[in-house]
Amino acid sequence: MTITGIIIAIIVGAIIGALGRLVVPGKQHIPIWLTIVVGIVAAFIGTFLASALGVSSTGGIDWIELLLQVAVAAVGVILVVSLYDRRGVRH
């Protein structure tokens, strides 16, 4: 993986993670770096799911793949928030 690939993964992860946080109601008390990590992981899982369903390559913007990524990010944010709160970390 090149530097450009890493930078793109971070940017995409930040966007997907932020969209995932927007979908989840309420305020999430997790740091931005954790949101980016959740977004990066969700982007990979969402892409894998889209490939498995056969909808990863469509004409134009891959809306179904994007929706899968955001849905996975939302679930990831919920899981991370619950685990992060259990650790007793408070802001």
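Predicted model: local features only at pLDDT ≥ 70, side-chain atom pairs only at ≥ 80, totals over all residues.
Start with H1, residues 3–23.

Now burial. In H1, the buried residues are Ala9, Gly13, Ile16, Gly17 and Gly20. Look down the helix axis: these buried residues fall within an arc of 105 degrees, so they line one face of H1. On the other side, Ile3, Thr4 and Leu22 are exposed.

Take H2 next. The axes of H1 and H2 are 6 Å apart, and the packing angle is about 100 degrees. Angles of 65 to 115 degrees count as roughly perpendicular, and therefore so does this pair. On the H1 side, the contact is made by Ala9, Ile10, Val12, Gly13, Ala14, Ile16, Gly17, Ala18 and Arg21. H2 contributes Thr35, Ile36, Gly39, Ile40, Ala42 and Ala43.

Is Gln69 buried or exposed? Its relative accessibility is 10%. Buried means under 20%, so Gln69 counts as buried. Its side chain has a polar partner: a contact of 2.9 Å joins it to the side chain of Thr47. Leaving out residues up to four places away in sequence, Gln69 touches Ile16, Ala42, Ala43, Gly46 and Thr47. Ile16 is one of the buried residues of H1. Ala42 and Ala43 are among the H2 residues in the H1 contact.

Methods: Residues numbered from 1 in each chain as written. Heavy atoms only, no water. Helix = DSSP H or I, 4+ residues; strand = E, 2+ residues; numbered from the N terminus. Expected span 1.5 Å × (residues − 1). Buried < 20%, exposed > 50% of the residue type's maximum accessible area, 1.4 Å probe, protein only. Arc of directions from axis to C-beta. Polar contact = N/O pair within 3.5 Å; in protein donor to acceptor, adjacent residues only side chain to side chain. Contact = heavy atoms within 4.5 Å. Axes fitted to C-alpha atoms, helices over the stretch in contact; angles between N-to-C directions. Parallel < 35°, antiparallel > 145°, perpendicular 65-115°, else oblique.
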